[in-house]
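Here is a briefing on the fold of one protein chain. Please keep the structure open while you read.

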Amino acid sequence: MRFTIKDGILFSSNTIEDSLPISQIPAIQPPPLNPDYQYNRKLQLLLTGKQLLLDDIPFPLNEIQSHYENGYVTYRQGIVYKGKQPACARCGNKDPQWFASYPCARCGETCRYCRQCIMMGRISACTPLVGWNGPVPDTILPANNSQWQGTLSQGQLEASNRVVEAIHQNQDHLVWAVCGAGKTEVLFAGIETALAAKKRICIATPRTDVVLELTPRLKAAFPEITVASLYGGSEDRHLFAPLTIATTHQLLRFYQAFDALILDEVDAFPYTVEESLQHAAIQARKQVSAIIYLTATPNEKWQRECRSGKRAFTTIPARFHRHPLPVPEFVWCGNWQKRLHKDMLPANVLSWINERLQANKQALVFFPHIRLMEKALPILRQFEPTIEAVHAEDPDRKEKVQKMRAKEIPLLLTTTILERGVTFPNIDVAVIGAEDSIFTESALVQIAGRAGRSKEHPNGMVTFFHYGKTEEMIKARRQIIEMNREGVKRGLLDR
Ligand SMILES: [Zn+2]
Ligand SMILES: [Zn+2]
């Protein structure tokens, strides 16, 4: 799209001679707000706190333009140039390798675009990001908005109080809760506080599965509140709501929208993606706002910041059922890869597995790579033909997890895809090749966190079979032991 400027106002133009793509137009001051203008309330609901492409807005361009001319709609550059270096205003990408050019029909030029956020619609040098600058929609709230009846453990309650306080005071706060502590319940009081203060609140999480699982729980807890549930292809895309649950990708469509942003499982991404996630989070929250981070496994930098007092945080060191976390045991298993290439597994691994099969105890067995796991599968099926294996690209992934839950599979081999998010009530856990670099401290803590989840079966064995102990293994075990120690000290564990 091309614009001309007349009296400091942008007008779309089709003639190349007197117009420019938006990225080449220096500092655009939005026109002043005309208080007498009759704005469209549907457009207001759609655009408040957003940054959308024109393609995402089901209103005619002349109506959008008229709102802009009267100060209600803003146009920002989608791609911002610092000298010759492009930066994507939506996802924060600055890496030249993640930009490409194409002959663009909209501006008639060779147009630079961002490849990093293209799944949310293409942002190119001639793309305006459209936002709202008018009054904020009124939200009418019921007097008593929470229906949540559950009780909190002592550890959850302490964290819940800190979350409430952080939301009140617009602070940053990290909740470091062990796997199985019940971190969702810790949010309810904070959400209620935010809603009561007419604050707009969002829970963002990297995984669609989590959005789908959380949506009904939050709708049940806040039955009279509009809840928008956002993920790729969701129906609520244009719904204005005081409470939003979204994948972190969907945050890219928001701009200075939320008074409180809750980021779940911040560690679940590799560093590069985390950077664009951080950018999305910073853009989606208001300048004065609270941000709550939830994780079981903060990265090393964050752990350091917690220890040195630079980061405000609360730990929940104990699970809801008040039993300690299973501590991983380290077992040397020699050069297991070499054995695997001869279609064998180390004797101690085999006997670990056979013991479980004989005792009818379900188990998850983690492998560092699909190839190695698929080599192990036929070997193990000689003992028990119903053993299954699962990995990220497996089309039957969901079915296999279901069958495991229904106890139709005695033993499930897996890659790190099942390191988080899945709960089986009564399992033992083994890692084969725990020395592999894919098994970071946080991955190993998450994996160990699969065992002993239910109140009925709070114990489970966690065994790391290795061909040489790594620093990551040691740090993971230390983290688990320290959490158990803190749980004892704070009286959160029954002994
Ligand atoms: Zn273009
Ligand atoms: Zn981008």
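The notes below cover domains, sheets, a hairpin and helix packing.

The model is predicted. An open sheet of three strands is antiparallel, and an open sheet of seven strands is parallel.

- Twelve residues from domain 2 and nine residues from domain 3 make the contact between them.
- On the side of domain 2 that touches domain 3, five residues are nonpolar, four are polar and three are charged.

**The three-stranded sheet**
- The strand order is β2-β1-β3, with antiparallel pairing.
- β2 (9-13) and β3 (20-21) are the edges. Each has a single partner strand, so one side of each has no neighbour in the sheet.
- Two bridges pair strand β1 (residues 2-6) with β3 in the antiparallel sense.
- Phe3 has Leu20 of β3 as its bridge partner.

**The β7-β8 hairpin**
- Strand β7 (residues 99-103) and strand β8 (residues 110-114) run antiparallel and are joined by five bridges.
- Phe99 stands opposite Cys114 in β8.
- Six residues lie between the two strands of the hairpin. Gly108 takes a positive phi near 70° in this hairpin.

**The seven-stranded sheet**
- This open sheet runs in the order β12-β13-β11-β14-β15-β10-β16, with parallel pairing.
- β12 (227-230) and β16 (313-316) are the edge strands, and each pairs on one side only.
- Neighbouring strands are turned against each other by 15° on average, direction ignored.
- β12 and strand β13 (residues 243-247) run parallel, joined by four bridges.
- The bridge partner of Leu230 in β13 is Ala246.

**Helices α3 and α4**
- Helix α4 (residues 188-196) has an axis that comes within 8 Å of the axis of helix α3 (residues 154-169). The two axes cross at roughly 25°.
- α3 and α4 are therefore roughly parallel to each other, since angles under 35 degrees count as such.
- Their crossing is right-handed.
- α3 contributes Ser160, Val163, Val164, Ile167 and His168 to the contact. α4 contributes Ala189, Gly190, Thr193 and Ala194.
- Five residues of this contact are nonpolar, four are polar and none is charged.
- α4 also lies across strands of the seven-stranded sheet. These are β11 (201-205), β13, β14 (258-264) and β15 (285-295). α4 runs at about 145° to β11.

**Helices α12 and α13**
- The axes of helix α12 (residues 441-448) and helix α13 (residues 471-489) come within 8 Å. They cross at roughly 50°.
- That angle makes α12 oblique to α13.
- α12 passes α13 in a right-handed crossing.
- On α12, the contact residues are Glu441, Leu444, Val445 and Ala448. On α13, they are Glu472, Met473, Lys475, Ala476, Gln479 and Ile480.
- The contact of α12 with α13 has six nonpolar residues, one polar residue and three charged residues.

Note on methods: Residues are numbered from 1 along each chain as its sequence is written. Chains are lettered from A and ligands numbered from 1 in the order in which they are written. This is a predicted model: local features need pLDDT of at least 70, side-chain atom pairs count only at pLDDT 80 or more; totals for chains, interfaces and linings use all residues. Two strands pair if DSSP finds at least two bridges between them. Axes are lines fitted to C-alpha atoms, for helices over the stretch in contact, and angles run from 0 to 180 degrees between N-to-C directions. Angles under 35 degrees count as roughly parallel, over 145 as roughly antiparallel, 65 to 115 as roughly perpendicular and the rest as oblique. A crossing is left-handed if the near helix is turned anticlockwise from the far one by less than a right angle, and right-handed if clockwise. Two residues are in contact if their C-beta atoms, placed from the backbone, lie within 7 Å. Ala, Val, Leu, Ile, Met, Phe, Trp, Tyr, Cys and Pro count as nonpolar, Asp, Glu, Lys and Arg as charged, and the others, Gly among them, as polar.
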